[in-house]
Amino acid sequence: MDYPSQPPEIVEVDLDDWQDDEFYPSTVSQHSDEQVSPSKPCPLDSLPYEIMEEIAELLFVTPGQKHFLKLFSLTCKRIRRLCAPILFRSIMVSIEYKLLPGRVFHDTGKFWLYVKQLTLCGSWEADYLGPSVKHHGASFLLNDLLSRLSHLSTLIVTGSGHTPIPADISHKLLSIPTLSSFILQTWENSPHPLLAIDAHPFTTTFTSFEYRVPEFVRSKSVLNGEWSVLEFVTTQMSSSLVRLTLPIGVISFSAVSRTCWPNLRELNLEGDCELGHGQTVDIGAILSGMPYLRSLRVSLPQGSKSHRIVMQRAEQVASFPCQDLKDLTVSFPDPDDVVYSQLPPTLRRLALRCTPRHYNHRYRFEQKTLTQLGLRSPILTSFELLSVLRRCRSELLQELELEYEEDERDEELLTNISTYFPALRILTLYRYRRRDSEVDLSAVELAQALSPLRSLRMLRLHLDHSNAPHPLSAFMPDVPPGAWCRHAELLTKTAYTLAARLASLEFPRHGYGGGAG
């Protein structure tokens with residue numbers, strides 16, 4: 001299941017446990033008279049520095065392994081010094097529990113010099129100010145914090161406050177001289193943490209600006225202050241931005257189309273496509289000033305009044321403006337969109353999918369929640385998808401992701417994937433049965449259809465098996481015993497059947513969870 005974006009995983013370290021000089025845990029009281037025996041040499045000391053550094057980096061970037069990075073750093077002083085720049089590269093500070101009460105300033109170690117990414121999480125309401133620092137105010141406390149972060153390059157602001165970030169705080173956050181990337185995001189079931197931006201010019205040169213809204217959250221109206229965010233981006237960031245993420249609801253299509261984006265390489269459009277403040281969603285107008293774009297992701301959930309995404313209509317004479325595009329993702333694409341006949345030969349990755357994933361609408365409880373939110377899933381059929389792929393065939397495309405519901409043209413669709421895209425190395429299929437069908441796709445038939453893909457190295461599948469239990473069925477009393485085991489056996493058999501018949505695949509593996517099956 002595709003969950004809303006969450007703040008990056010941060011290692012929680014009790015910074016008071018480390019000595020400033022050695023970044024090593026203090027274990028013996030300074031007043032102890034006990035004789036301390038010399039410690040045994042660390043076996044890892046014999047490893048070259050480069051190998052230990054590679055181990056630490058792998059623990060840092062691998063999901064779910066950062067806790068082990070902290071444990072690894074406790075091995076000895078040498079490894080602790082090696083791990084410190086990696087361990088403290090990214091930290092999270094709670095606004096109401098650490099910053100405003102002044103508790104964050106109890107941590108005075110050298111680790112501040114290693115921080116490159118800071119996440120400020122929470123509310124800026126003055127009620128959280130501690131008694132000892134209340135007379136200084138939040139702005140003073142923020143200044144003190146930022147003065148310690150001399151190498152900060154990425155700032156993430158997220159939280160749950162019901163008021164915008166104060167204007168003086170916003171100005172300080174956007175004026176950090178070393179900053180190149182700014183991310184503003186909201187969690188599920190919380191209001192937007194809006195910036196209160198004035199017309200004051202900023203000297204900071206941003207290369208990345210992201211305003212993230214969870215795909216499961218729908219707002220009733222555009223909140224106050226969001227127009228100032230867009231105006232700030234278009235007037236003061238457009239010439240330097242390389243990456244831009246915006247919710248579609250705050251975009252003024254005419255203002256964006258009149259702006260030149262000479263360095264923009266990645267554009268992500270998210271949010272509720274029914275919040276276009278009375279406008280028709282016009283992706284073509286947005287792209288007109290972005291000729292050097294390399295990556296475009298249009299991930300818009302569909303409401304009851306919205307339509308499938310059209311990037312270029314038949315009456316628009318101009319050709320597709322992004323002739324250097326390498327990566328394209330479109331949610332709920334329109335089969336009649338003429339853009340699929342104009343995609344450039346530089347394209348290497350294409351994803352035609354649903355947002356959120358269609359399997360959320362296949363389960364009773366999830367479907368009820370999405371219906372209450374006013375979200376629907378106009379998924380493509382095999383026939384509609386076939387008409388799209390026929391027009392954007394490419395001998396150079398390396399990665400393809402498709403999400404669709406099968407119909408009588410399904411066999412033709414699967415067979416033609418290798419014909420239209422013979423150089424594929426990665427293929428991801430989310431294939432769903434028709435509502436009235438209990439017939440599963442045979443692994444043998446699928447392997448036979450994909451066998452001409454000689455360069456295929458990775459195959460990821462969601463086949464919507466008729467006997468697949470609900471992902472949360474372990475907590476449901478009415479699920480028959482052994483359902484998980486039987487389905488796991490089916491997945492294993494499917495994986496090995498495909499691996500045996502598709503010799504180009506690197507190794508067989510199956511998983512269950514988050515809609516797999």
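User: How much accessible surface does the protein have?
Analyst: In this predicted model, the accessible surface comes to about 25200 Å². Carbon and sulfur atoms hold 53% of that surface.

User: And what share of the residues is buried?
Analyst: Of the 517 residues, 49% count as buried.

User: How many helices and strands are there?
Analyst: The protein has 14 helices and 16 strands.

User: What part of the contacts comes from residues 24 or more positions apart?
Analyst: Among contacts with a separation of 6 or more, such residues account for 75%.

User: Let's pick a helix. Which residues of H5 are buried?
Analyst: H5 covers residues 138-147, and its buried residues are Ala138, Ser139, Leu141, Leu142, Leu145 and Leu146. They span an arc of only 160 degrees around the axis, which puts them on the same side of H5.

User: What do they pack against?
Analyst: The buried residues of H5 pack against helix H4 (95-99), strand E2 (117-121) and helix H6 (167-173).

User: Now H11. Which residues are buried there?
Analyst: In H11, residues 382-391, the buried ones are Ser382, Leu385, Leu386, Val388 and Leu389. Their arc around the axis is only 165 degrees, so they lie on the same side of H11.

User: And which elements do those pack against?
Analyst: The partners of the buried H11 residues are strands E11 (349-353), E13 (380-381) and E14 (399-405), along with helix H12 (410-420).

User: Switching to rings. How many aromatic pairs does the structure hold?
Analyst: It holds 6 aromatic pairs. One of them is Phe88 with Phe111: the ring centres are 5.2 Å apart and the planes are at 40 degrees, so the pair is tilted.

User: Where do Phe88 and Phe111 lie?
Analyst: Phe88 is in the loop between helix H3 (77-87) and strand E1 (90-94), and Phe111 is in the loop between H4 and E2, so the pair ties together parts 23 residues apart in sequence. Both Phe88 and Phe111 are buried.

User: What about Phe182 and Phe209, how are their rings arranged?
Analyst: The centres of those two rings are 5.9 Å apart and the planes are at 5 degrees, so the pair is stacked. Phe182 lies in strand E4 (residues 181-186) and Phe209 in strand E5 (residues 208-212), so this pair ties together parts 27 residues apart in sequence. Phe182 and Phe209 are buried.

User: Which residues do ring pairs link into a cluster?
Analyst: Phe88, Phe111 and Trp112.

User: Last one. Which ring does Arg357 lie over?
Analyst: Arg357 lies over the face of Tyr430, 4.0 Å from the ring centre. Elsewhere, the charged end of Arg364 sits over the ring of Phe365, at 4.4 Å from its centre.

Methods: Residues are numbered from 1 along each chain as its sequence is written. This is a predicted model: local features need pLDDT of at least 70, side-chain atom pairs count only at pLDDT 80 or more; totals for chains, interfaces and linings use all residues. Side-chain values use heavy atoms; hydrogens and water are left out. Buried means under 20% relative accessible area, exposed over 50%, partly exposed in between (1.4 Å probe, protein chains only). Helices (H or I, at least four residues) and strands (E, at least two) are DSSP runs, numbered from the N terminus. The arc is that of the directions from the helix axis to the C-beta atoms. Contact means heavy atoms within 4.5 Å. Accessible areas come from the Shrake-Rupley method with a 1.4 Å probe; for residues, only the protein chains shown count as cover. Rings of Phe, Tyr and Trp (its six-membered ring) pair if their centres lie within 6.5 Å; planes under 30 degrees apart count as stacked, over 60 as edge-to-face and the rest as tilted. A charge sits over a ring if NZ of Lys or CZ of Arg is within 6 Å of the ring centre and within 35 degrees of the ring normal.
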